[in-house]
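User: I would like to learn how to read charged side chains in a model like this one. Could you take me through it step by step?

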Amino acid sequence: MSRFMEIACASALQGITAGNGGPFGAAIVQNGKVIATGHNRVIADHDSTAHAEIMAIRKAEQVLGTHDLSGCELYTTCYPCPMCLGAILWARIDKVYYGCSPDDAAQIGFDDKLFYEVIANPSANPCVTLEQEDRESCLDLFKKWMGLPNKKPY
């Protein structure tokens, strides 16, 4: 096991021991140095988005003073769920090393298959209804943003 995966596992164990949430931990590394760690805090924070990867990304962005984590790698104890994968992509993290597979997670009750199915086929979404409303008003906001100087789209 690499020392960075050891750090991710230690973070997960810290969360498990504290009763913060599921058995998940993450570490973000830049140039061979750990920038941030995180563990699942869904239960402790009453926050369904407080996954290990998200917590580590938030901390790393604060430490580095940017939302762009290009040049960073993420070590995580399990394959990222769709939400975390989206955050990883938005953060521009270069590489992800993961321990357990989605099937391993499903065996202990963390099954993301439905979420991946919804992403693949939004029209067959049994979880939530998505309905477009008042597009023109929202497009006006987009136009206002486009008129701003020095904007960065991500």
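Analyst: Let us begin with K113, which counts as partly exposed at 44% relative accessibility (buried means under 20% relative accessible area, exposed over 50%, and partly exposed in between, with a 1.4 Å probe and protein chains only). Please keep in mind that this is a predicted model, in which local features need pLDDT of at least 70 and side-chain atom pairs count only at pLDDT 80 or more, while totals for chains, interfaces and linings use all residues. Residues are numbered from 1 along each chain as its sequence is written, and side-chain values use heavy atoms, with hydrogens and water left out.

User: Which residue forms a salt bridge with K113?

Analyst: A salt bridge is a side-chain nitrogen of Lys or Arg within 4 Å of a carboxyl oxygen of Asp or Glu. Here the partner of K113 is D103, with the closest N and O atoms 3.9 Å apart. D103 belongs to helix α5 (residues 102-107) and K113 to helix α6 (residues 113-120), so the pair ties together parts that are 10 residues apart in sequence (helices are DSSP runs of H or I with at least four residues, strands are E runs of at least two, and both are numbered from the N terminus). D103 is itself partly exposed, at 46%, and salt bridges that share partners join D103, D111 and K113 into one network.

User: How many salt bridges does the rule give?

Analyst: The count comes to five. One of them joins R58 and D47 at 4.0 Å, N to O; because R58 sits in helix α3 and D47 in the loop between α2 (42-45) and α3, this pair ties together parts that are 11 residues apart in sequence. R58 is partly exposed at 38%, as is D47 at 23%.

User: What is the nearest side chain of opposite charge to E53, and how far away is it?

Analyst: For charge, Lys and Arg count as positive and Asp and Glu as negative, whereas His and the chain ends are not counted. E53, in helix α3 (residues 52-64), is buried yet has no salt bridge, and the nearest opposite charge, R58, is 11 Å away. Setting aside residues up to four places away in sequence, E53 touches A26, L74, T76, C78, P80 and C84 (contact means heavy atoms within 4.5 Å).

User: Where does E61 lie, and is it buried or exposed?

Analyst: E61 also lies in helix α3, and E61 is buried without a salt bridge, R58 being the nearest side chain of opposite charge at 7.3 Å. Beyond its neighbours within four places in sequence, E61 is in contact with T66, H67, L69 and A91.
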